[in-house]
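The sequence and structure are shown first.

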Amino acid sequence: MTTASTRTSDRRVSPVFLGIAAVTAVAGWAVWTDFAAEIGVAVFLFVTGAWIVSLCLHEYAHARTALHSGDISIGAKGYLTLNPLKYTHALLSIVLPVIFVIMGGIGLPGGAVFIERNRIRGRWKHSLISAAGPLTNVLFAIVCTAPFWLGALDGVPPAFRYALGFLALLQVTAAILNFLPVPGLDGYGIIEPWLSHKFRRQVEPFAPFGLLAVFVIIFIPEVNTAFFDAIHAILRGLGVTDVDAYCGQNLFRFWTDRNEYFCGINS
């Protein structure tokens, strides 16, 4: 028998998530106060921590929406605890997205939570479950860019501004890429319930390779240039300049040579 205390524990925020959030907060404070001996390390920890927090919230949004849509098995799987170690594929959900950020500054989330779709009735519910994740990235992007388009960054330390700008870039790329109608990504999950059964059966074998295909295609020079031109155009519309994102990524990649003088950072 499932007791009330068991149900509560299924939804209690995990210490793992709280630990990640705490590291993010401390690193953010170190960037803000210029307390860190090596500002690049602090920016790396702050951005990486915030990125993992957003990945957890992305998957939580999927799980919470599925729960309210009829999949009552979600709680027992631990998805509502925000613990990334509970995800179906921790490698795809956390490790690879962080590697993508380190390699190319691309916010590319992976699939994580297993939803028992047979418990859910109604195509709109299935579409909403898939849309909930990338919509979380949209919300995160709004939060990250709000200080820019509200003009609230006067007097803010440059390193913190740049870190926020790079984090905004990651969230915008994550939202756009995840909305692509590619099998294996949430964008395809949104339209899949409305496709014919025959078409879905034909596409199903390619779903595990959709994420990899996007990652490979995005590194084709012409595609990469066009993609990031579009991303920076969106960011500029939200008040985040190319310099903000550029300097943020440079500080994040502290192990490489970076032009701190150009970014106005002294370390």
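## Surface and overall composition

Accessible areas in this report come from the Shrake-Rupley method with a 1.4 Å probe. On that basis, the protein chain exposes about 13,200 Å², and carbon and sulfur atoms supply 67% of this area. The model is a predicted one.

The protein chain holds 12 helices and 0 strands. Read from the N terminus, the order of elements is α-α-α-α-α-α-α-α-α-α-α-α. Of the 267 residues in the protein chain, 48% are buried. Among contacts between residues at least 6 apart in sequence, 72% join residues at least 24 apart.

## Helix α3 against helix α6

Helix α3 spans residues 39-69 and helix α6 spans residues 158-178. The two pack at an angle of about 30°, and their axes are 10 Å apart. Because angles under 35 degrees count as roughly parallel, α3 is roughly parallel to α6. The crossing of α3 past α6 is right-handed.

On the α3 side, the contact is formed by Ile39, Val43, Phe46, Val47, Ala50, Trp51, Ser54 and His58. Their partners in α6 are Ala159, Phe160, Ala163, Phe166, Leu167, Leu170, Gln171, Ala174 and Asn178. Sorted by class, the contact of α3 with α6 contains 13 nonpolar residues, 4 polar residues and no charged residues.

## Helix α3 against helix α11

Helix α3 also packs against helix α11, which covers residues 242-252. The axes of α3 and α11 come within 7 Å and cross at roughly 105°. Since angles of 65 to 115 degrees count as roughly perpendicular, α3 and α11 are roughly perpendicular to each other.

The contact of α3 with α11 comprises 6 nonpolar, 3 polar and no charged residues.

What is the relation between α6 and helix α10 (residues 221-237)? Their axes come within 10 Å and cross at roughly 120°. This angle makes α6 oblique to α10. The passage of α6 over α10 is a right-handed crossing. Ala168, Leu169, Val172, Thr173, Ile176 and Leu177 in α6 meet Phe227, Phe228, Ile231, His232, Ile234 and Leu235 in α10. By class, the contact of α6 with α10 has 10 nonpolar residues, 2 polar residues and no charged residues.

Valine 172 lies in helix α6 and is one of the α6 residues that meet α10. Is valine 172 buried or exposed? Its relative accessible area is 7%; since buried means under 20% relative accessible area, valine 172 is classed as buried. Setting aside residues up to four places away in sequence, valine 172 touches Ala141, Ile231, Ile234 and Leu235. Of these, Ile231, Ile234 and Leu235 are among the α10 residues that meet α6. The C-alpha atoms of valine 172 and histidine 232 are separated by 9.5 Å, although the two residues lie 60 residues apart along the chain.

Leucine 82 is located in the loop between α3 and α4 (90-104). Its phi is near 65°, a positive value in a residue other than glycine. Leucine 82 is buried, with a relative accessible area of 8%. Beyond residues up to four places away in sequence, leucine 82 touches Val13, Phe17, Cys56, Leu57, Tyr60 and Tyr87. The C-alpha atom of leucine 82 is 9.8 Å from that of alanine 63, and 19 residues separate the two along the chain.

Proline 208 sits in the loop between α8 (197-203) and α9 (210-218). Is this residue buried or exposed? With a relative accessible area of 63%, proline 208 is exposed, whereas leucine 82 is buried. Proline 208 and glycine 184 are 24 residues apart in sequence, and their C-alpha atoms are 6.0 Å apart in space.

Note on methods
Residues numbered from 1 in each chain as written. Predicted model: local features only at pLDDT ≥ 70, side-chain atom pairs only at ≥ 80, totals over all residues. Heavy atoms only, no water. Helix = DSSP H or I, 4+ residues; strand = E, 2+ residues; numbered from the N terminus. Buried < 20%, exposed > 50% of the residue type's maximum accessible area, 1.4 Å probe, protein only. Contact = heavy atoms within 4.5 Å. Axes fitted to C-alpha atoms, helices over the stretch in contact; angles between N-to-C directions. Parallel < 35°, antiparallel > 145°, perpendicular 65-115°, else oblique. Left-handed = near helix turned anticlockwise from the far one by under 90°. Nonpolar A, V, L, I, M, F, W, Y, C, P; charged D, E, K, R; others polar.
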